[in-house]
Amino acid sequence: MGDMLKIQKDRVVKLEEWEQRWEENKIGFHKSHVHEMLESNIDKSLSGRTGVRFFFPLCGKAVDMKWLADMGHSVVGVEIAEKAIKQFFMENNLTYNEEPVPAIPGAKVFKNSEKNISLYNCDLYSISSSVVGQFGAIWDRGSFVAINPGDREKYASLIISLMANDCRYLLSTLMYNPEFYDGPPFAVPGEQVHSLFGERCNVEQLVSEDVIEDRHRAWGVDYLIEQLYLITPKIS
């Protein structure tokens with residue numbers, strides 16, 4: 001694990017670069033349909049509960065948010081690119097209100113009250129449980145793998161602070177040979193997931209499968225393993 005982490009540990013993608021990707025529509029990471037791993041593991045996430053509060057870190061315009069809201073769950077997302085948030089509401093034919101967030105200077109929140117969707121337009125690390133509360137579920141696809149590798153401890157601490165006692169956190173990660181591609185998305189060894197979350201949470205791997213497509217081969221990699229973890233707080 002050490003060598004793999006060393007290769008990408010100093011890689012930095014600035015927030016402005018993510019905003020630029022949205023402006024230029026360079027969003028190959030966006031899926032136009034509900035993510036298969038969420039769909040096939042939704043029961044693991046819900047665990048029989050209804051009306052669950054879901055958190056989407058670095059949400060983009062994920063259609064998964066509308067899918068969950070249509071089931072009666074509430075959704076809170078965070079996204080730096082305002083364009084992504086506005087596209088989410090427009091493409092799903094949802095109206096929204098735009099409000100400032102007093103606790104976070106410069107931040108805005110876009111809300112659809114009918115579906116109970118609130119998307120915060122700000123830096124992820126400016127979010128805290130005092131602003132957004134805690135969550136019964138988290139869907140993390142394209143977020144943990146997108147943050148700068150040097151920020152993973154900070155990220156894990158934030159996520160843990162947002163987990164209610166009954167939270168069920170589905171984390172999707174990717175593994176490939178980082179000698180051939182420097183990301184993002186960044187490679188995440190399974191051992192690191194356990195080291196970051198294992199002290200405070202139970203970590204169970206649900207899925208591990210090669211999901212490589214031609215667009216990934218263009219990166220120069222010959223395998224792309226997507227792994228799905230269920231992470232739940234250890235209740236003392």
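A residue is called buried here when its relative accessible area is under 20%, exposed when over 50% and partly exposed in between (1.4 Å probe, protein chains only). The structure is a predicted model, in which local features need pLDDT of at least 70 and side-chain atom pairs count only at pLDDT 80 or more, while totals for chains, interfaces and linings use all residues. Residues are numbered from 1 along each chain as its sequence is written, and side-chain values use heavy atoms, with hydrogens and water left out.

A search of the whole structure for disulfides (pairs of cysteine sulfur atoms within 2.5 Å) finds zero. The sulfur of Cys-59 lies 9.9 Å from the closest cysteine sulfur, that of Cys-122, which is too far for a bond.

Rings of Phe, Tyr and Trp (its six-membered ring) pair if their centres lie within 6.5 Å; planes under 30 degrees apart count as stacked, over 60 as edge-to-face and the rest as tilted. The whole structure contains ten such pairs. Among them, Phe-89 and Tyr-96 form a tilted pair, 5.1 Å centre to centre with 35 degrees between the planes. Phe-89 is buried, at 0% relative accessible area, whereas Tyr-96 is partly exposed, at 30%. Tyr-181 and Trp-219 form a stacked pair, with 4.4 Å between centres and 10 degrees between planes; Tyr-181 is buried, at 18%.

Phe-88, Phe-89, Tyr-96 and Phe-110 form one aromatic cluster.
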